[in-house]
Amino acid sequence: MEAREFDLIIWGATGFTGKLVAEYMVRQYGILGDVKWAIAGRSVDKLARVAQEVAGNEAENLPQIIANSDDADSIKALAERATVICTTVGPYALYGEVMVSACVDAGTHYCDLTGEVQWMQRIIEKYQIGAEASGAKIVHTCGFDSIPSDLGVFFLQNEMQKQFQGPAQQVKYRIVNMDGGASGGTVASMMNMMEEAKVDPSILETLSDPYSLNPANMPRGLDGQDQSSPEFDSIFAQWTAPFVMAGINTRVVRRSNALMSYAYGDQFRYDEAMLTGPGPSGYMKAAMVAGGSAMVMLLAAFSASRSLLKKVVPKPGEGPSKEARERGFFDIEIYGVHASGSDKCIKVSVKGDKDPGYGATSKMLAESAVCLAKDSLSVGGGIWTPAAVMGEPLIERLRTSAGMTFEVIATGGS
């Protein structure tokens, strides 16, 4: 890529999450440091206010760029000025494609926070060939969905190869504990997805397909539907409940395996769930989570109840207070077992500080953008997953700068 004016531009910096990304960039990289970056949005006044809030006395040194998603020429010009566009402007199914298209045309790398499987599938089908040709690395799901999952499994599989000279054939991802507020952007994306499905019922088939993000005409694995009811996990000796992000994360991890030439094996199996504890109390907690999740999806499925739901859930641009973000965290354990038997197994821990949906996510997205801009990556253009394109360099950045840990906590076998 030819030299660009900026290493990265944060598109949507005037939004709730975009501002958090800008705050992190100021704190971690400064404004006149080695990483050349800018903020961009639709409003001159709002951009100036964000610059003042995140940079204080240095606000005048933080470049501010005006662009509008309704103006394709302004988006094209924005993409041509940066090595990477880091975007928080969602729902991406409504506002994301114009930026992806501009980045593909300009050979500009791109990262976002989408968890909209139906939209990602459309982007893959429409832009994969163009991204390969231009060299643009397009990377979705660079937040809590799906970096802990995707990089956590990548980390486990690397350790499995080191210790047992082969991949883990089956991997279980379990939420041990977490504390964080609901995301208005995530809720808005879910609502939009249901609106789309009302017009195009085939979207529901896409969402239910465990391999909907895998490259076309490539082998599928053995996984079925995501967990929807309480199940007892004998490995962790606890009851488990459905995890709301499993429908996104599992498909991303499976796509990573396919993109990396089935490095995890063509019989690789993967699932995600939340640990709720042993005994009757663990079962009751799992049942309550499962019932609550089913109720939300039922309400979201119908227009009348969707309107009611919109009145009580966070709206786009809303998020938890700074205090809530600061005390948030996530604690995840991932277990993998080798194809040859349970005597060859590994359990790893993935932890992060700050609220998963905002505080931690903003750091993950920022480091993904810096990784794409500054690190030497071995793959060319295309529609990638975080693990398949950034892998170890991004893990190292997250460990060093973003308050995340990746550790082996148990092994089996000799």
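A cavity is a set of grid points where a 1.4 Å probe fits but cannot get out, and its lining residues have an atom within 4 Å of a point. The exercises below apply to a predicted model.

**Exercise 1. Describe the cavities: how many are there of 30 Å³ or more, and which residues line the largest cavity?**

Step 1. The count comes to two cavities of 30 Å³ or more.

Step 2. The largest cavity has a volume of about 80 Å³.

Step 3. Its lining consists of Tyr211, Asn214, Pro219, Arg220, Gly221, Arg254, Asn257, Tyr262, Gly265, Asp266 and Phe268.

Step 4. Sorted by class, these residues are four nonpolar, four polar and three charged.

**Exercise 2. Characterise the second largest pocket: which element gives the most to its lining?**

Step 1. The space in the second largest pocket is about 390 Å³.

Step 2. Its lining has 21 residues, and those nearest the centre are Ile124, Asn214, Pro215, Ala216 and Arg255.

Step 3. Two or more lining residues come from each of helix H6 (117-134), helix H10 (246-259) and strand S13 (382-384).

Step 4. H6 gives the most, with eight residues.

Step 5. The lining divides into eleven nonpolar, five polar and five charged residues.

Step 6. Compare the residue lists. Ile124 and Arg255, named here as nearest the pocket centre, also line the second largest cavity. Asn214, likewise nearest the pocket centre, lines the largest cavity.

**Exercise 3. Classify the packing of H7 against H16: at what angle do their axes cross, and is the crossing left-handed or right-handed?**

Step 1. The axes of helix H7 (residues 147-164) and helix H16 (residues 391-401) come within 10 Å and cross at roughly 110°.

Step 2. Angles of 65 to 115 degrees count as roughly perpendicular, and H7 and H16 are therefore roughly perpendicular to each other.

Step 3. The crossing of H7 past H16 is left-handed.

Step 4. H7 makes the contact through Ile147, Leu151, Phe154, Phe155 and Asn158, and H16 through Gly391, Glu392, Leu394, Ile395, Leu398 and Arg399.

Step 5. By class, the contact has seven nonpolar, two polar and two charged residues.

Definitions and conventions
Residues numbered from 1 in each chain as written. Predicted model: local features only at pLDDT ≥ 70, side-chain atom pairs only at ≥ 80, totals over all residues. Heavy atoms only, no water. Axes fitted to C-alpha atoms, helices over the stretch in contact; angles between N-to-C directions. Helix = DSSP H or I, 4+ residues; strand = E, 2+ residues; numbered from the N terminus. Parallel < 35°, antiparallel > 145°, perpendicular 65-115°, else oblique. Left-handed = near helix turned anticlockwise from the far one by under 90°. Contact = heavy atoms within 4.5 Å. Nonpolar A, V, L, I, M, F, W, Y, C, P; charged D, E, K, R; others polar. 1 Å grid on protein atoms, 1.4 Å probe; cavity = no way out; pocket = protein on both sides within 12 Å on 5 of 7 lines; lining within 4 Å. Points joined across faces, edges and corners; volume = space filled by probe spheres on them.
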